[in-house]
Amino acid sequence: MDLWYAHQGTTVYMLTKLPEGETRKAGYEDSGWTTYERCSAEQIKKVYLYKANWKLVLDLGSDDEVKRNWPIGPDEFEELIAQKVFTNGSDMHAVMKLFRQMSQKQLGGIAALDFDGMRPPSTQEAKALGGCLSLCGSLKKLDLCRVGLTDESTAALFANLAMGALANLINLNLRWNEIGDEGIKAFSVSLATGALANLKSLDLAGNPASDEAQQRAQDALKQR
């Protein structure tokens, strides 16, 4: 089941609006199983297929454009799902278990993640992303280009990386964000804790951080 929702080549259509005349009290956003399905679908997918300009997560139940959510890991998911409604209350713990197993499997095996085109993450969303990335033991390429990262969200992301996380990451694209000197400093601190141990390519072009701060980050990579 998870493969259909999460696979990077599958387009997921969400039906977030109940049919006319439906008396069900819990809507899409309140339901436990639909929350599970959405979080599964949004965890590792690209935003859209570039050649086709086709978004991979689409909402057919809304006339407005629904913005894609940032991925969350199993810990954040358990906090979220505890607030949702299940027809069978015992399903909640089964869903928590399913999501944790799915997250460990798909995040642990993914080699490339591309979030180019995502809306800017809040500090809390960036923190949750760091938790997801800590599970990505096989990840080699991470694209966070043009996602509106600020000093605060950058610090939250890298501060939540586990010690030794992203050990196989080679290429990190942070181009065209809003990362200043403080964000670069937070990134460098993460390097010092042992994260991103094999990072070879760091692209910071287009950020407002000073040339000196960006150079220090590049030097930190070379000196490990």
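## Sheet and helix packing in a predicted model

Four strands form an open sheet, arranged in the order β5-β6-β7-β8 with parallel pairing. Because β5 (112-114) and β8 (201-203) stand at the edges, each with a single partner strand, one side of each is left without a neighbour in the sheet. From one strand to the next, the twist averages 5°. The structure is a predicted model, in which local features need pLDDT of at least 70 and side-chain atom pairs count only at pLDDT 80 or more, while totals for chains, interfaces and linings use all residues. Residues are numbered from 1 along each chain as its sequence is written, and side-chain values use heavy atoms, with hydrogens and water left out.

Some terms need a definition. Helices (H or I, at least four residues) and strands (E, at least two) are DSSP runs, numbered from the N terminus. Two strands pair if DSSP finds at least two bridges between them. Strands of a sheet pair through backbone hydrogen bonds, either parallel or antiparallel.

### Helix pairs

Two packed helices are described by the angle between their axes and the distance between the axes. Axes are lines fitted to C-alpha atoms, for helices over the stretch in contact, and angles run from 0 to 180 degrees between N-to-C directions.

| Helix pair | Angle | Axis distance |
|---|---|---|
| α2 (residues 32-41) and α3 (residues 74-81) | about 155° | 11 Å apart |
| α2 and α4 (residues 91-109) | about 5° | 11 Å apart |
| α6 (residues 151-159) and α7 (residues 181-192) | roughly 5° | within 8 Å |

Angles under 35 degrees count as roughly parallel, over 145 as roughly antiparallel, 65 to 115 as roughly perpendicular and the rest as oblique. At an angle of about 155°, α2 is therefore roughly antiparallel to α3. The crossing of these two helices, α2 and α3, is right-handed, a term used if the near helix is turned clockwise from the far one by less than a right angle, with left-handed meaning anticlockwise. In this pair, Gly32, Thr35, Tyr36 and Cys39 of α2 meet Phe77, Leu80 and Ile81 of α3, where contact means heavy atoms within 4.5 Å.

The contact of α2 with α4 has seven nonpolar, two polar and one charged residues.

The axes of α6 and α7 cross at roughly 5°, which means that α6 is roughly parallel to α7. Here Asp151, Thr154, Ala155 and Phe158 of α6 meet Asp181, Glu182, Gly183, Ala186, Phe187 and Ser190 of α7. The contact of α6 with α7 comprises four nonpolar, three polar and three charged residues.

### Burial and exposure

Buried means under 20% relative accessible area, exposed over 50%, and partly exposed in between (1.4 Å probe, protein chains only). Helix α2 is mostly covered, as eight of its 10 residues are buried; among them are Thr34, Arg38 and Ala41. In helix α5 (residues 123-133), the buried residues are Ala126, Ala128, Leu129, Gly130, Cys132 and Leu133. The elements that cover these residues of α5 include α3, α4, β5, β6 (141-143) and α6.

Lys25 lies in the loop between β1 (12-14) and α2, and Lys25 counts as exposed because its relative accessibility is 84%. The C-alpha atoms of Lys25 and Val85, 60 residues apart along the chain, are separated by 9.8 Å. Glu182, in helix α7, counts as exposed at 51% relative accessibility. Between the C-alpha atoms of Glu182 and Leu135, 47 residues apart along the chain, the separation is 25 Å.

### Positive phi values

Trp176, in the loop between β7 and α7, has a phi near 55°, a positive value in a residue other than glycine. At 49% relative accessibility, Trp176 counts as partly exposed. Leu196, in the loop between α7 and β8, has a positive phi of about 55° although it is not a glycine. With 0% relative accessibility, Leu196 counts as buried.

How values were computed
Ala, Val, Leu, Ile, Met, Phe, Trp, Tyr, Cys and Pro count as nonpolar, Asp, Glu, Lys and Arg as charged, and the others, Gly among them, as polar.
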